[in-house]
Structures are given as structure tokens and as C-alpha cells.
Amino acid sequence: MLKEVAISEIRVDRQLQVREVLDEEAVDRYREVKNALPPVKVVEVNGRLILADGFHRLEAHIREGDQRLVVEIQTGTEEEARIIAATANIQHGVALKKRERDQAIIYLAECGFPHADIASKFGLDPSRVSQI
């Protein structure tokens, strides 16, 4: 569901972000085209909106001084938010560094996802997932 919310309502938990740091160049690029980008994704957990996908896009809006933002909301758990965050940049956005990708893979494996499913999401051979 798409909904406009106050940016101050969105909880940013850096523990969910698999990236080591925000890519400043990406934030600057996104500031220029912020209204053409897809909405950030949040997971509503017990009435709280937790950012799951769109850390760079949200930061671009914040730096532009925006107070409100259209977001895509889904109801779920903090673990579901983390899973979305771990897999968010596989096919779009700022590509994950190898170390960041590996951390996401380890997290998904610890959550019980089969190695074949993880490999499929990341475009890897299942044997490679087992090695990480």
C-alpha cells in the first residue's frame, strides 16, 4: 500500500542496513531525481514504520528538507524488514560490495533460508553460498 507519511515517523535502524556506509555520490544523484525514484519500502511493526529499502533515497529527501514522503508499506516483523533490506539491492539501486553481499547471505542462511534459494536471489551457485 502506498501512503504519504511524515519522514519523522520512519524509524531508521542502521542494524537493518547491510551497507557499511551510505554512498554519498548516490545520495547526491538521488537528490537530483528524487521525485522520479520508486518509493522507499517500510515495514509496519506494531504501529511503527521501519525502513527496509531505500536508505539512500530517504537520505536524499532528508537532505532536500522534505518533511513528507510517499512510502510503500507492508505489515510484518522486524525480521521481515531485515530480510527485505538484505535482498533489496540485488537487482536495483547501488550495488552491494562483495563483503556487504556476503553479510546479507550469512544473515539469510542464519534465518533458515535454503542455500539454493539464497543462491537464486543473488545469482550464485549454491555451492558458493555454502562457502561463505
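**View 1. Arg11 stands opposite Ile50 in β4.** This is a predicted model in which local features need pLDDT of at least 70, side-chain atom pairs count only at pLDDT 80 or more, and totals for chains, interfaces and linings use all residues. Residues are numbered from 1 along each chain as its sequence is written, and side-chain values use heavy atoms, with hydrogens and water left out. β2 pairs with β4 (residues 48–53) in the parallel sense, over two bridges. Pairing requires at least two DSSP bridges between the strands. Strands (E, at least two residues) and helices (H or I, at least four) are DSSP runs numbered from the N terminus.

**View 2. Five strands form an open sheet.** Their order is β1-β5-β3-β4-β2, with mixed pairing. β1 (2–6) and β2 (10–11) are the edge strands, each pairing on one side only.

**View 3. Helix α2 lies across the sheet strands β2, β3, β4 and β5.** α2 spans residues 55–63 and runs at about 115 degrees to β4. Axes are lines fitted to C-alpha atoms, for helices over the stretch in contact; angles run from 0 to 180 degrees between N-to-C directions. Contact means heavy atoms within 4.5 Å.

**View 4. α3 meets α4.** The axes of α3 and α4 (residues 98–110) come within 9 Å and cross at roughly 145 degrees. Glu79, Arg82, Ile83, Ala86 and Thr87 of α3 touch Ala104, Tyr107 and Leu108 of α4.

**View 5. Arg82 lies over the face of Tyr107.** The distance to the ring centre is 4.2 Å. The criterion is NZ of Lys or CZ of Arg within 6 Å of the ring centre and within 35 degrees of the ring normal.
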